[in-house]
Amino acid sequence: MIEMLYEDPQLAVCVKPVGVLSQCDGEEDMAALLRKQLGGEIFPLHRLDRNVGGVMAFARTAGTAAALSAQIQNGGFVKRYLAVVGGVPKPLAGEMSDLLFKDSRSGRSYVVNRPRKGTKEARLAYSTIAGTDGKSLVLVRLFTGRTHQIRVQFASRRMPLLGDGKYGSRDKSCDIALWSHRLTFTHPTGGEELSFCSLPDISDYPWNIFDFGVLNEIC
């Protein structure tokens, strides 16, 4: 069973488990699982990588999907993540802005120095919550939604996410240390602001190397 955080006739908000695909063809993805669990149509709005878990929102009508997609486009759909990176960000809080190029053949994205065909702006803000043994727990707000954006932007600054061998992490004893922590958006029909939060399993590495209270206070 998928853990539900909220549901009504318009939308569903849930916690995606690590290892489940957000969207795919021919496999059981989040939309298919929710259709079985809730019944009716499910319209995906955004993606998480297979090895990333956390809060996801899905529309249950085509009209809601259109309204929430518009919020995503105009910045009204706010996504925040928790990540564990190798190293210590300097400064401890700030913004990252880069040009990213996605290589579809390799399935990787790269930071590039100058605009060219296929490059897109990537921007995020981060704050360092805690650190230990050369590793840092950071809270990230995305302003854009590029492929592997958080992973690439930190890795390009020699701070790969733990478990992310694709982008240079030497610590492969865990899944990618990235978690969709909070979604905030406006209900498409009611108009009220909604905010939903989830934490990773803090008994699992690398989340368990940080103080439980620090993680608990931010949710």
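The stops below run from the whole chain to single residues.

**Whole chain**

Start with everything selected, and keep in mind that this is a predicted model. Colour by secondary structure: the protein chain has 4 helices and 11 strands. Its radius of gyration is 17 Å, close to the 17 Å that the globule rule gives for 219 residues, so the chain is as compact as a globular protein of that length.

Of the 219 residues, 46% are buried.

How far apart in sequence are the residues that touch? Take the contacts between residues at least 6 apart in sequence; 60% of them join residues at least 24 apart.

Next, select the charged side chains. There are 27 positive and 23 negative ones. The centres of the two sets lie 11 Å apart.

**Stop 1: Ala31**

Select residues 30-38. This is helix H1, and Ala31 lies in it. Is Ala31 buried or exposed? Its relative accessibility is 3%, under the 20% cut-off, so Ala31 counts as buried. Show what surrounds Ala31. Beyond residues up to four places away in sequence, it touches Ser22, Ile42, Pro44 and Phe58. Then draw a distance from Ala31 to Glu41. The two are 10 residues apart in sequence, and their C-alpha atoms are 8.6 Å apart in space.

**Stop 2**

Most peptide bonds are trans. The next two selections go the other way.

Select Lys90 and Pro91. A cis peptide bond joins them, with omega at about 0°. Pro91 sits in the loop between strand S5 (78-86) and strand S6 (93-103).

Move on to Tyr205 and Pro206. They too are joined by a cis peptide bond, here with omega at about 5°. For Pro206, look in the loop between strand S11 (193-197) and helix H4 (212-217).

**Stop 3**

Most residues other than glycine have a negative phi. Now look at two residues with positive values.

Select Asp133. Its phi is positive, about 55°, although Asp133 is not a glycine. Asp133 is in the loop between strand S8 (119-132) and strand S9 (135-142). What is its relative accessible area? The value is 67%, over the 50% cut-off, so Asp133 is exposed.

Select His148. Phi of His148 is near 60°, again a positive value in a residue other than glycine. His148 is in the loop between S9 and H3. At 14% relative accessibility, His148 counts as buried, whereas Asp133 is exposed.

**Stop 4: Gln153**

Step into helix H3, residues 149-155, and select Gln153. Its relative accessibility is 0%, so Gln153 counts as buried. What does Gln153 contact, leaving aside its neighbours within four places in sequence? Show Met96, Ser97 and Asp98, then Ala122, Arg123 and Leu124; Gln153 is in contact with each of these.

**Before you close the viewer**

Ala31 in helix H1 is buried at 3% relative accessibility. Gln153 in helix H3 is buried at 0%. Leave both displayed with their contacts: Phe58 is one of those for Ala31, and Leu124 is one of those for Gln153.

Notes: Residues numbered from 1 in each chain as written. Predicted model: local features only at pLDDT ≥ 70, side-chain atom pairs only at ≥ 80, totals over all residues. Heavy atoms only, no water. Buried < 20%, exposed > 50% of the residue type's maximum accessible area, 1.4 Å probe, protein only. Contact = heavy atoms within 4.5 Å. Rg over C-alpha atoms; globule rule 2.2 N^0.38 Å. Lys, Arg positive; Asp, Glu negative; His and termini not counted. Charge placed at Lys NZ, Arg CZ, Asp CG, Glu CD.
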